[in-house]
Amino acid sequence: MSWISQSIMGQKAVAKGQLGSKHQLSEEDQGTFHYVYGPYADPVLRIAPGDVVEVETLDAFGGVIKTENDMPSQVLNMPFVNPQNGPIAVEGAEKGDVLAVHIHSVLPRGPQPAGTTALIPSFGALVADANLMLNPGMPERVKKMEVTEDGVKFSDRITLPFEPFIGTMGISPEIEAVSALQPDYWGGNMDLPDVAPGAVVYFPVQRKDAHFFVGDCHGRQGDGELCGVAVEIPATVVLHIDLIKGWSIPGVRLETEEFIMSVGSARPMEDAARMAYRDLIRWMVDDYGFEESEAYFLATQAGKMRVGNMVDPKYTLGASMRKEYLA
């Protein structure tokens, strides 16, 4: 992670620059998984800034879809989906700080190494909503795929690259309790493929000790998560969780070796895009020395827009700028 020293993190007062203690949060240690982000659950683990945490997550369905014959409408207990590990309390975090989460690795784990995707009634970007439309939706279907570090076996003919990321990750809001299916300024169910190994994700702390949640890992996903379900996998995730004091940001930001990204979650989709680009321009002004109109011009000519999901209660988009243009 040597590039971090040249990143925005290097410009702020980082609580601990080196790796601290290592903790494990197994499925058994977690005990009760959470389906809500909020300040009302007791921490399952307390760490110091700079510590490393290895977390065993469940898939988005809690592992109950075991075969292609298990239909979601029959085995899921809605809205109890997208189970989250945590909350993890980070000592010294307080409102006005930023939690910096370095994603080291996301690996598939047993006892079910297969990935799951599904067509769920009234869910997805291209289906009729039974609550709004007269016409019926698509039939339910479950598809299982073998997922290893060597690839995702989509079919006998097609093997896709293993490109893992964390679909849902974030911090507790200050007062409200929100579904783990909802993305916003706290993070949550962004389904953004850039939340992947090698990235650092920044969250604006809203309450004492931050209370960090993580779950819903994916073996891969195309832009938009079109049918509403990626390649859902149980995973072992290694995170280095640090703290930046006194950096006020309005929502989620992300950084890799190649680019910085601001994340917007809203409906309609153009509002999410505007939120993401607005914050990207302000980031360029505040921390990279751009004049506002010059940053606006550069974002117009060189900005990139990633669609995370276009199916959740709010859509998530990420606006990015390559670092070579920010030097």
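Modeller: Buried means under 20% relative accessible area, exposed means over 50%, and partly exposed lies in between, with a 1.4 Å probe and protein chains only. This is a predicted model, in which local features need pLDDT of at least 70 and side-chain atom pairs count only at pLDDT 80 or more, while totals for chains, interfaces and linings use all residues. Residues are numbered from 1 along each chain as its sequence is written, and side-chain values use heavy atoms, with hydrogens and water left out.

Colleague: Which class does Glu-27 fall into on that scale?

Modeller: Glu-27 is partly exposed, because its relative accessibility is 30%.

Colleague: And which side chain does Glu-27 meet in a salt bridge?

Modeller: The partner is Arg-109, at 2.9 Å from N to O. A salt bridge here is a side-chain nitrogen of Lys or Arg within 4 Å of a carboxyl oxygen of Asp or Glu.

Colleague: How many salt bridges does the structure hold?

Modeller: There are 16. One of them is between Arg-322 and Glu-324, at 2.7 Å from N to O. Arg-322 is partly exposed at 36% relative accessible area, and Glu-324 is exposed at 53%. As for networks, salt bridges with shared partners join Glu-27, Glu-56 and Arg-109 into one.

Colleague: What about Asp-156 and Lys-153?

Modeller: Their side chains also meet in a salt bridge, at 3.9 Å from N to O. Asp-156 is exposed, with a relative accessible area of 77%, and Lys-153 is partly exposed, with 38%.

Colleague: Changing topic: is strand β23 largely enclosed or open?

Modeller: Strand β23 (residues 315-322) is largely enclosed by the rest of the structure, because seven of its eight residues are buried.

Colleague: Which strands pair with β23?

Modeller: Strand β21 (residues 259-266) runs antiparallel to β23 and is joined to it by eight bridges; two strands pair if DSSP finds at least two bridges between them. Ile-260 stands opposite Met-321 of β23. Strand β22 (residues 304-309) pairs with β23 over five bridges, also in the antiparallel sense, and Met-305 has Ala-319 of β23 as its bridge partner. A hairpin through five residues joins β22 to β23.

Colleague: And the largest nonpolar core: which members touch the most others?

Modeller: Those are Leu-99, Ile-166, Met-169, Phe-203 and Phe-212, out of 47 residues. Strand β19 (residues 235-245) gives the most to this core, with five residues. Another core of 21 residues lies apart from it, and its members include Val-98, Tyr-288, Ala-295 and Leu-326. A nonpolar core is a set of buried Ala, Val, Leu, Ile, Met, Phe, Trp, Tyr and Cys residues joined through side-chain atoms within 4.5 Å.

Colleague: Lastly, is Tyr-296 buried or exposed?

Modeller: Tyr-296 is exposed, because its relative accessible area is 56%. Tyr-296 is placed in helix α4 (residues 292-302). From Leu-181, Tyr-296 is 115 residues away in sequence and 32 Å away in space, C-alpha to C-alpha.

Definitions and conventions. Helix = DSSP H or I, 4+ residues; strand = E, 2+ residues; numbered from the N terminus.
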